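Please read the following with the sequence and the 3D view open.

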Amino acid sequence: MAAKNKILEEITSAEYKYGFVTDIEMDTAPKGLNEDIIKLISSKKNEPEFMLEWRLKAYKYWLTMKQPQWQNVKFPPIDYQDSIYYAAPKQKAALKSLDEVDPEILSTFEKLGISLEEQKKLSGVAVDAVMDSVSVATTFKAKLGELGIIFCSFSDAVQEHPELIKQYIGSVVPYTDNYFAALNSAVFSDGSFCYIPKGVRCPMELSTYFRINAANTGQFERTLIIAEEGSYVSYLEGCTAPMRDKNQLHAAIVEIIAHKDAEVKYSTIQNWYPGNKEGVGGIYNFVTKRGICQGDNSKISWTQVETGAAITWKYPSVILKGDNSIGEFYSVAVTNNYQQADTGTKMIHIGKNTKSRIIAKGISAGKSNNSYRGLVRILKKAENARNFSQCDSLLMGDTCGAHTFPYIEVNNSTSKVEHEATTSKIEEDILFYCNQRGLATEEATNMIVNGFCKEVMKQLPMEFAVEAQKLLGISLEGSVG
Amino acid sequence: MISIKDLKVSIEGKEILKGINLEVNPGELHAIMGPNGSGKSTLASVLAGRPEYEVTGGEILYKGKDLLELPADQRAKQGIFLAFQYPVEIPGVSIANFMRSAINELRKAKNLEPLDAMDFLSEIKDKMKNMGIDLEFLNRAVNEGFSGGEKKRNEIFQMTMMDPDMIILDETDSGLDIDALKIVSEGVNNFRTDEKAFLIITHYQRLLNYIVPDYVHVIYDGRIVKSGDKSLALELEEKGYEWIKKLSKEAVEN
Ligand SMILES: Nc1ncnc2c1ncn2[C@@H]1O[C@H](COP(=O)(O)OP(=O)(O)O)[C@@H](O)[C@H]1O
Ligand SMILES: [Mg+2]
């Protein structure tokens with residue numbers, strides 16, 4: 001593999017030497033990946049030296065790695081030299097009106113109950129001055145600024161707060177962590193940065209802001225959230241609106257640091273294009289999300305609703321280092337047609353009296369495959385650690401699959417680990433029973449699915465819970481009956 | 001209310017109902033009796049619109065309209081209720097939630113607003129009490145972990161909630177002890193009006209001591225082989241299945 005990479009690199013870099021020098025003013029880098037491309041990315045972004053060094057180390061490490069094979073998913077090999085790793089963040093070509101947007105997307109917006117103005121923003125239609133989202137965002141920023149909260153793009157943070165970036169980047173997800181983490185670390189384009197100072201409780205869900213900015217997500221995003229002692233933030237990334245992208249591979253990284261007595265609640269709704277009914281197209285969503293409860297009594301809570309992407313690999317994890325710290329993972333993953341999801345969490349108990357709670361709900365329909373993969377590791381010093389895991393699967397019909405892979409490693413005898421799992425199936429019998437009580441098949445399915453997901457949905461900020469519920473219905477439309 | 005003419009039904013290519021004729025008017029209560037496997041549940045399922053059954057002949061008129069072209073949920077919305085012989089479990093859906101969804105769908109079909117949550121709650125509690133169902137069941141998943149008798153009482157409770165016009169009970173009495181049988185019978189009797197019609201499927205005469213039918217039909221091998229008043233049930237009990245077989249043979253030969 002390394003040898004093969006080397007050859008590829010030689011061939012492609014030969015091409016670049018030619019293309020690179022002459023076209024240095026171009027907004028888009030040539031296809032492929034090599035050190036020059038990484039230098040280009042870093043210099044275009046005007047990054048400090050430490051950033052470039054870090055990127056290059058990550059790249060060199062990546063070259064020594066192999067794409068992982070162990071997940072319960074199948075996909076054709078990805079040609080990493082066939083991608084473009086840098087494009088200047090151009091304004092998207094604005095559409096003049098919603099009439100120019102794919103009607104299928106519009107009908108989904110409608111079903112989700114997204115307002116017209118937001119529909120325009122999300123699909124890149126020019127917005128009138130009154131509803132200008134930039135000004136809304138500016139208002140948020142001013143409010144947050146008063147409290148000393150830093151909330152900006154990753155690139156801005158690199159410019160304005162390099163000391164924080166230098167201290168924390170890769171501190172939770174090192175570039176050596178896995179293949180996609182190394183790739184992301186080498187070539188990441190942008191992302192978000194959030195810093196909550198000591199003792200500050202962020203007064204708003206950072207969701208509203210995100211919704212407005214959701215239209216521009218990159219292929220290799222990075223998010224870094226730092227919660228100082230005694231602070232609190234609830235953060236929501238992604239949105240229910242369907243997201244299309246010409247890049248097939250998405251490999252994001254999220255790092256969260258919670259200091260003493262701090263709490264971070266991170267919610268995400270992922271609705272990447274899953275491919276068509278035959279399983280063609282669709283996005284590969286390979287994400288590394290991890291938080292560390294660095295200080296005592298800190299808490300990190302992940303909530304995710306995953307309905308999109310052709311393939312999802314995602315294991316939001318918590319390292320419970322501080323004593324009495326708490327990690328939570330609430331997940332709903334829906335797969336339909338030919339979608340494949342392999343998702344779960346890792347809870348690493350290091351400190352005393354640490355607690356973790358895992359509630360994972362998988363719904364499979366069509367010919368899809370849905371796997372829960374989770375690790376609970378209790379280290380020697382984690383006196384009185386507690387874990388509770390509940391993994392439930394709901395199958396719609398006979399052609400889909402649900403799999404559960406719970407791994408448990410306990411090295412401390414005072415700890416307690418509980419695991420429960422159930423599998424239910426929505427069968428003809430159940431649907432007929434509901435039909436007989438006046439519920440059409442679609443309503444019946446929604447009712448069962450919502451009952452199944454309730455525990456996770458109630459973790460979401462209110463306005464998103466309602467939308468997320470509708471989204472589940474849409475994702476499963478026509479999957480039974 | 002309902003008019004069944006020469007109804008023929010098959011499942012997986014096998015003919016189960018071989019020409020059923022039955023007329024049930026508003027205010028009437030008909031009992032259907034017959035040995036296991038004679039097609040009683042098949043008849044109930046076809047009336048309720050179960051999709052697996054194939055109607056190969058005949059017709060069913062409900063309130064004067066062709067019933068067979070309606071999907072099951074529409075039939076329910078138009079007042080057909082089936083108390084199942086084997087009620088299924090609905091994973092993760094509480095009775096409260098299930099009934100609220102069902103009733104609001106019915107109301108939607110009638111262009112009514114959804115029921116107020118407080119009104120709904122007090123109604124559901126009253127009706128559960130009437131059926132002797134513990135209120136703690138409200139938040140339990142529908143039929144999950146219910147005993148046989150609890151499932152049957154739950155069906156009748158749902159009937160009272162949904163206020164249907166054409167009620168079909170499929171062996172609601174089987175598996176009930178005498179106390180439960182009395183509660184269920186009382187529930188049904190209180191529900192009888194001049195506007196409602198009942199089709200009560202039972203294996204035993206016992207139920208008909210409590211719920212007195214206007215007519216009794218005996219079904220065997222997919223045909224109604226004898227009809228009469230309530231005394232037919234007693235006669236059937238006395239003479240047993242051999243008598244039915246003989247009747248059936250005669251019916252086929254005629
Ligand atoms: N889903 C089914 N698939 C195949 N055969 C069936 C099915 N349902 C009923 N049958 C057959 O139809 C006949 C009548 O069954 P049923 O209507 O349940 O009788 P009853 O309710 O009078 O006991 C039986 O022979 C039974 O085996
Ligand atoms: Mg039966």
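Q85(B) is buried, with a relative accessible area of 15%; buried means under 20% relative accessible area, exposed over 50%, and partly exposed in between, with a 1.4 Å probe and protein chains only. This is a predicted model, in which local features need pLDDT of at least 70 and side-chain atom pairs count only at pLDDT 80 or more, while totals for chains, interfaces and linings use all residues. Residues are numbered from 1 along each chain as its sequence is written, chains are lettered from A and ligands numbered from 1 in the order in which they are written, and side-chain values use heavy atoms, with hydrogens and water left out.

What coordinates the magnesium ion (ligand 2)? The ion is held by OG of S41(B) and OE1 of Q85(B), at 2.0 to 2.2 Å. Donors are N, O and S atoms within 2.8 Å of the metal (3.2 Å for Na, K and Ca); water is not among the atoms, so sites may look incomplete. S41(B) lies in helix α1 (residues 40–48) of chain B and Q85(B) in the loop between β6 (80–83) and α3 (95–109) of chain B, so the pair ties together parts that are 44 residues apart in sequence. Helices (H or I, at least four residues) and strands (E, at least two) are DSSP runs, numbered from the N terminus. S41(B) is partly exposed, at a relative accessible area of 23%.

S41(B) also belongs to the surroundings of ligand 1: 13 residues surround this ligand, and the closest are I16(B), G37(B), K40(B), S41(B) and T42(B). A residue counts as near if one of its heavy atoms lies within 4 Å of the molecule. A backbone N or O atom of G37(B) lies 2.7 Å from a ligand 1 oxygen. An N or O atom in the side chain of K14(B) is 3.4 Å from an oxygen atom of ligand 1, and one in the side chain of Y53(B) is 3.3 Å from a nitrogen atom of ligand 1. The protein covers 65% of the 560 Å² of accessible area that ligand 1 has on its own, as found by the Shrake-Rupley method with a 1.4 Å probe. The elements giving two or more residues to the shell are β2 (14–24) and α1 of chain B. With three residues, α1(B) gives the most.

Elsewhere in chain B, helix α5 (residues 148–162) has 15 residues and reaches 22 Å from its first C-alpha to its last, close to the 21 Å expected at 1.5 Å a residue. The expected span is 1.5 Å times one less than the number of residues. Of the 15 residues in α5(B), 13 are buried. Just after α5(B), D163(B) takes a positive phi of about 50 degrees.

Which side chain of chain B does R437(A) contact? The side chains of R437(A) and E155(B) are joined by a polar contact of 2.6 Å. Such a contact is a pair of N or O atoms within 3.5 Å; within protein, one must be able to donate a hydrogen and the other to accept it, and residues adjacent in sequence count only if both atoms are side-chain atoms. The R437(A) side chain also makes a polar contact of 2.7 Å with that of Q436(A). R437(A) lies in the loop between α11 (428–436) and α12 (441–457) of chain A and is buried, at 0% relative accessibility.
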